[in-house]
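Please open the model in your viewer and keep the selection tool at hand. The tour moves from one selection to the next and says what is found at each stop.

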Amino acid sequence: MKKVIISLQFVLLISILIVSSVILYKMSLEKSISDWENEHFIEEMYIQDNITASILCSNNLIDIEGLKLSEPRLVCYYSSQSCDACLNYAKKCIKENFDKSEEASAILYLASDYSINEKFKEKNTINIGRKKLGISLDNTSLVCFFVIVDNKIEHLFIPDRNYGKYTDT
């Protein structure tokens, strides 16, 4: 009789463990789907914000003497409000995708809201002091890239290290 009771207890214990394992597995699947949906949603919002910023800032005329160029240039625009991590990520992207000669000839760093006497590490930095570009991102802490063609902004983009592949593209 004792052997039957012990066997039944063993079977019940195994059954409870199996059911518990199945429930935990299903819960983990639901959580990972939910996490995926949240991550996907946040990425979609990031893309939408980039599109909106690009539309709002495209074709803005820039009246800064150092930016009146004969050839298109990629500009990395930042202000004194920009966080160091964001700026360092943007600079890292440039250094990874352009060699030193390309960086010197095709890239400009545009620093806003700094003292006019501020010195910068990158030789191809234009410090516009307290001037603003007249775009919607002027009073934010965002770092952005854009192409300047005929003194107008085109293809504005906000890099984000969380979406490195999108930024690289």
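Begin by selecting N124, which counts as buried because its relative accessibility is 15%, where buried means under 20% relative accessible area, exposed over 50% and partly exposed in between, with a 1.4 Å probe and protein chains only. This is a predicted model, in which local features need pLDDT of at least 70 and side-chain atom pairs count only at pLDDT 80 or more, while totals for chains, interfaces and linings use all residues. Residues are numbered from 1 along each chain as its sequence is written, and side-chain values use heavy atoms, with hydrogens and water left out.

N124 sits in the loop between β2 and β3 (125–127), and a polar atom of its side chain lies 2.9 Å from the backbone oxygen of E103. Leaving aside residues up to four places away in sequence, N124 touches E103, A104, I107, L108 and Y109, contact being heavy atoms within 4.5 Å.

Next, select L67, Y77, L110, L133, I135, F146 and L156, which touch the most other members of the largest nonpolar core, a group of 20 residues. Such a core is a set of buried Ala, Val, Leu, Ile, Met, Phe, Trp, Tyr and Cys residues joined through side-chain atoms within 4.5 Å. Two or more residues come from each of α1 (2–57), β1 (73–79), β2 (107–112), β4 (144–149) and β5 (152–157), and β4 gives the most, with three.

Finally, select α2 (residues 84–97), whose buried residues are L87, Y89, A90, K91, C93 and I94; what covers them includes β1, α3 (100–106), β2, β4 and α4 (164–168). Helices (H or I, at least four residues) and strands (E, at least two) are DSSP runs, numbered from the N terminus.

Key:
Polar contact = N/O pair within 3.5 Å; in protein donor to acceptor, adjacent residues only side chain to side chain.
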